[in-house]
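Here's a walk through a protein model, piece by piece. Have the sequence and the structure open as you read.

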Amino acid sequence: MLRKFVLLALLALSATALNLPGVPTEFSDDDTVLSAISDEIANKLSEEYLHYLETGIESPALKQISTQLSKSHTKDIFTANANELSTANQFFMCTTCRAVTNVISRTFRSDEGELNGPNAEANSKKVFLDLCARLNIQTQEVCSGLFDLNWDIVHYIIMNSDSDARSLCGTLPIKFCEVKQEQFNWQVNIDSGKGPLTAPKATVPKKTANDLNIVQLTDIHYDPEYKPGSLADCEDLLCCRDNPSTGISVEAEAGFWSDYRYCDSPLHMIENAFDSIKETNPKIDYIYQTGDIVPHNVWSTTKESNKEMLTEIHDLIAKKFGDIPVFPIVGNHEPHPANIFGHDELPNDMKVYWLYEHLWNVWKRWLPDDAEATILKGGYYTVSPKPGFRVIALNNNDCYLFNFWVFFDGSITSQPQLDWLHDTLLAAEKAGEKVHILAHIPSGSADCWSVWAREYNRIIERFSDTISGIFNGHTHRDEMILHYSQQGHPMGISWNGGSLTSYTNKNPNYRSYEVEPETYQVVDHTTWIFNLTLANEKGESTKPLWYKEYHFSEFTDDLSPAGIDALLEKMAEEPNLLHKYWQYKSTSADPKLAAGCNDKCLLSTICSLATSEHGENTRCKELKEKLRDTLSNLPTDTPTTEKPDDEDDGAASLTASITSIIAMLYLIKQLVL
């Protein structure tokens, strides 16, 4: 009765611009209540929508709920990690996921067997496009393209997976939406040669005159269709490509050197960046290219266009940097459809061997012949650039929640490569080698499957003496993650190199690392950027002014895991220092600086620094408690801003649209139960 009363109360309230009526901006810790409200609204929506499909009559309740939900979210749902969204956006994602699941499953539950009949695809697409428009998820072009690209895979998983419908929405990194999923649990068999860590990893090598210089390029997102002066503020999720039929204002035009809005990288900006790297780094020992060369038009990619872009950018890297060794990895945008990486047990037409074959063709100029086998198998490899040093390049898109095959069978999709990582590290340990790991998606990202991240961290703990550095991309943020052992000891650092693309609200950037040549630990790093506003004001006539944004040693000279943990303690005690880190994390981009970082933003920032597995937040809680105490003692007139906590990263592009497709997957699945 109470739940029904709450539902009626919610539906009776008038719509607001950004929040679902009746749902406050800040929620209590009672996630059970919030989940129940979400369930009620989802069930009511699906009930009314099914009646509409049967009768063609749209009830007042359906109109009201649809209108309220369509207005309850912002475009942030397409560019931010779900766990960092506002509560209104999170509520929209969870409720929509549940509602779509209910609608599709019940729609196809009839005795006529539409799911197995000739009209399954057409009927599914019709419902999907209607819900997409009704709930204002995205444009019809985007939704239609996403459906067309993913239907075959979705249908296969529906017909062959044992996963249930609740597993779908439970994978969203939203606390009140999560459910336990024991059927997805698995473990890597860890070598018992060493026990758990009993102390922090605290080795601090000194800088030397012989330090290696390693440049990290990540998330280039080359858009061959970028057009300076085109519409930069469009309805689609990738702009700066087309002009509308009528004129556009000067303010809406795309800048020459890229744009802060939903835009990727023009070729001339990429070439300028490579030239700047050579000019500012006269000595480069290695280049780490940590994924995502393809742009964000995930609804309209093709195999051929993806291959052409991969070839063009890798050829450009080879041309610009000559004999410098390059160690590339694959990002989630490289396959077609985007994000979808399968496994050995799939039908041949659903495997991405075409991508792995192409990657080997463009990568082999830098790699030894023995890397071919694992690249062709799964897009990963290992190489020893010099005695005593090894690079392990992962394709860890098998942890990505928008890789549908994770839901098909995560152990088949994800465990084999982690077993290989474990065995490769064990061999390196026995050989006395130090190892750098390259991985596109940070394990602490909410987009990375927590089971995968848990097992990855177990491996890191076992081989913490062997692993000297971890280098990630994907988030488009200049940041880091500290890994903690099962007993809470700091044991490793993941360095994230930001992004060359400006998508979204970023200044184009890259990193260079100083690496001590005995331990191969990072002893400092430098981020280089240029300001988009100033560059675009001068336009084509003047090259961007790349400058050194900061050295990490501005924060500390102790870049050991123990030293970084001490830095986090200091940040919790000195919010100004944490705010400085946030500014650099945001690449000093004008829109981010204008928005600022309020207390909620600072709390989120310090938590992300200490989270290497989503949901494991022991250290996060400790640091947040200390930071809250510090903030509570600050003067009350300390300036804050309204809405900086929805940190857009560009990497979660199309999260809500893809979530709806996944929802469709599990909903329709119920038809064959």
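## Ground rules

Helices (H or I, at least four residues) and strands (E, at least two) are DSSP runs, numbered from the N terminus. This is a predicted model, where local features need pLDDT of at least 70 and side-chain atom pairs count only at pLDDT 80 or more, while totals for chains, interfaces and linings use all residues. Residues are numbered from 1 along each chain as its sequence is written, and side-chain values use heavy atoms, with hydrogens and water left out.

## Confidence and overall make-up

Going by pLDDT (the predictor's confidence in each residue, from 0 to 100), the protein averages 85, with 81% of its residues at 70 or more. Residues 1-29 stay under 50, and the model gives them 49 contacts (heavy atoms within 4.5 Å) beyond four places in sequence. Residues 639-646 are also below 50, with 23 contacts beyond near neighbours in sequence.

As for the overall make-up, there are 21 helices and twelve strands. Of the 673 residues, 63% count as buried, where buried means under 20% relative accessible area, exposed over 50%, and partly exposed in between (1.4 Å probe, protein chains only). Among contacts with a separation of 6 or more, 75% come from residues 24 or more positions apart.

Phe 256 sits in the loop between β1 (212-217) and α8 (267-280). Asn 536 is 280 residues away from Phe 256 in sequence, yet their C-alphas are 5.8 Å apart. Setting aside neighbours within four places, Phe 256 is in contact with Tyr 226, Pro 228, Pro 266, His 268, Asn 536, Gly 539 and Glu 540.

## The cores

A nonpolar core here is a set of buried Ala, Val, Leu, Ile, Met, Phe, Trp, Tyr and Cys residues joined through side-chain atoms within 4.5 Å. The largest one has 92 residues, and Phe 274 and Met 571 touch the most other members. Helix α10 (residues 353-363) is the top contributor to this core, giving seven residues.

Not counting residues up to four places away, Met 571 touches Phe 555, Leu 577, Leu 578, Tyr 581, Ile 606, Leu 609 and Leu 627. There's also a second, separate core of 34 residues, with Tyr 380, Leu 418, Cys 448 and Ile 459 among them.

Why is strand β7 (residues 467-472) largely enclosed by the rest of the structure? Six of its six residues are buried, so that's how β7 ends up.

Strands pair if DSSP finds at least two bridges between them. β7 runs parallel to β6 (residues 434-439), joined by five bridges, and His 436 has Gly 469 as its bridge partner. β7 also pairs with β9 (residues 490-497), again in the parallel sense, over three bridges; here Asn 472 stands opposite Asn 496.

β6, helix α14 (residues 450-462) and β7 make a right-handed β-α-β unit: with the strands pointing away from the viewer, the path from the first strand over the helix to the second runs clockwise.

## A hairpin

β4 (residues 381-386) and β5 (residues 389-393) are antiparallel, pairing over four bridges. Thr 382 stands opposite Ile 392 in β5. Two residues lie between the strands of this hairpin, and Gly 388 takes a positive phi near 90°.
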